[in-house]
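Visitor: Hi! Could you walk me through this one? I'd like to start with how the strands pair up.

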Amino acid sequence: MSLGDEDGYGNDAGRTSDAYSTIGGTRQTRTRLPDGPAGDPYGPRRPARSSRSLITFAGVVVLLLGAIAFANMGGDKADSNGKSDTTSGARAGAAPTSPTGTKPVTGKNGTIPSGFAHNQQGAESAASNFAVALGSADMFVVSSRQAIVQATHDPAVVGKLTADLDTAYSPDFLKNVGLSEDGKAPSGLTFVSRTVPVGTKVIEHTADSATVEVWCTGLVGMAGEGSTKPVTETWFTISERLKWIGNDWKIESSSQTEGPTPVSGDNRASSADEIAGAVEGYGGFVYAR
C-alpha cells in the first residue's frame, strides 16, 4: 500500500513537477495539477496533512503491509529485482476478468470463502479472497488472526507463520497504529484496514499449484473525530504461491510489493465521521474470476 499524496517539494505544495525523475532506478511521472478557482480558500483539491505525521504513519503502514511478507520470507528464489522465481510450469498472460458462469465458491471456512474450483479460475478467486482476509482489521486481533491464517494457509506453514505474525503484530506495533495491546481502537474511533482487489494475473499454473498476483488498493488508518492517523488510500501487489491441499487452494508462501499506483484524483476528502460511517455501513465482497 503506497502512501504519499503530499510529495513535499519545497513550496510547491499540493502539486508536483511536470518533469520526469528517477527514484531508486524507477522512472516516475509527476503531473502538474490545476490550481483551484480564484478565491478558493482551499486551493488545489487535495486534503492537507501534517508532513511529520504522514511520514510517521507511512512507516507504520510499511510495517503493517510487510507483516505477511516478513513472516513468509523464504521458500521461493528471488531474482535481482526481488521477484519470485516462478518460471516452472505453464504460464498464462493477463486476461479480462469476465464472467465464466462457474460458481466461485461452494462454502466458507469461518468468515472466509472456501471450496474454490480446482482450476485457474479457482486459484485466482482464492488469491483475491485471501488477500482481503489477510489485509483486514481482524489481523490485528490474536484470535481472529490465528483463525485467518489457519483458513488460508498450508497446514505445514501455519505454526511458524502464526508465531512470526505474533512477533510482527507486537504491542509496540499496535500502539504505533493507535490500537491497544488486544487490537482494540480507542473509544469513539474506528480502526480501518481493508483490502480491495483490482485485478489478478496468473504467473504460473499447474494441476496442483499456482502463483497468482493480486493488484490491490486499500484503506488504512483511524476514523473518527480527533483521529491523528487519518484513513489513507494505498496501492500494492500481493504475490501468492498456492497449493491444492484437502480439496481447496491454500497459501504456501506470499510476498508483497508497492504499487502500481495511479495519480490521485481530485475528490474532496470526507470527514473522519463520514469515513467511519462508510466502513461500518458497507460490507466487503466475495471475489470471483
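Guide: Happy to. Two strands count as paired here if DSSP finds at least two bridges between them. Keep in mind that this is a predicted model.

Visitor: Okay, how many bridges do β6 and β7 have, and in which sense do they pair?

Guide: Strand β6, residues 209–223, pairs with β7 over 12 bridges, in the antiparallel sense.

Visitor: Which residue is the bridge partner of V214?

Guide: That's I238, in β7.

Visitor: And what joins β7 to β8?

Guide: 10 bridges, with β7 (residues 232–245) and β8 (residues 248–258) running antiparallel. In that pairing, T257 in β8 is the residue opposite T237.

Visitor: What sits between those two strands?

Guide: There are 2 residues between them, as β7 and β8 form a hairpin. In the turn, G246 has a positive phi of about 55°.

Visitor: How much of β7 is buried?

Guide: Of its 14 residues, 11 are buried, so β7 is largely enclosed by the rest of the structure.

Visitor: Switching topic: which residues of helix α3 are buried?

Guide: In α3, residues 142–152, the buried ones are S144, R145, I148, V149, A151 and T152. They lie on the same side of α3 because they cover an arc of only 165° around the axis.

Visitor: What about the face turned away from that buried side?

Guide: That face of α3 carries S143 and Q150, which are exposed.

Technical notes: Residues numbered from 1 in each chain as written. Predicted model: local features only at pLDDT ≥ 70, side-chain atom pairs only at ≥ 80, totals over all residues. Heavy atoms only, no water. Buried < 20%, exposed > 50% of the residue type's maximum accessible area, 1.4 Å probe, protein only. Helix = DSSP H or I, 4+ residues; strand = E, 2+ residues; numbered from the N terminus. Arc of directions from axis to C-beta.
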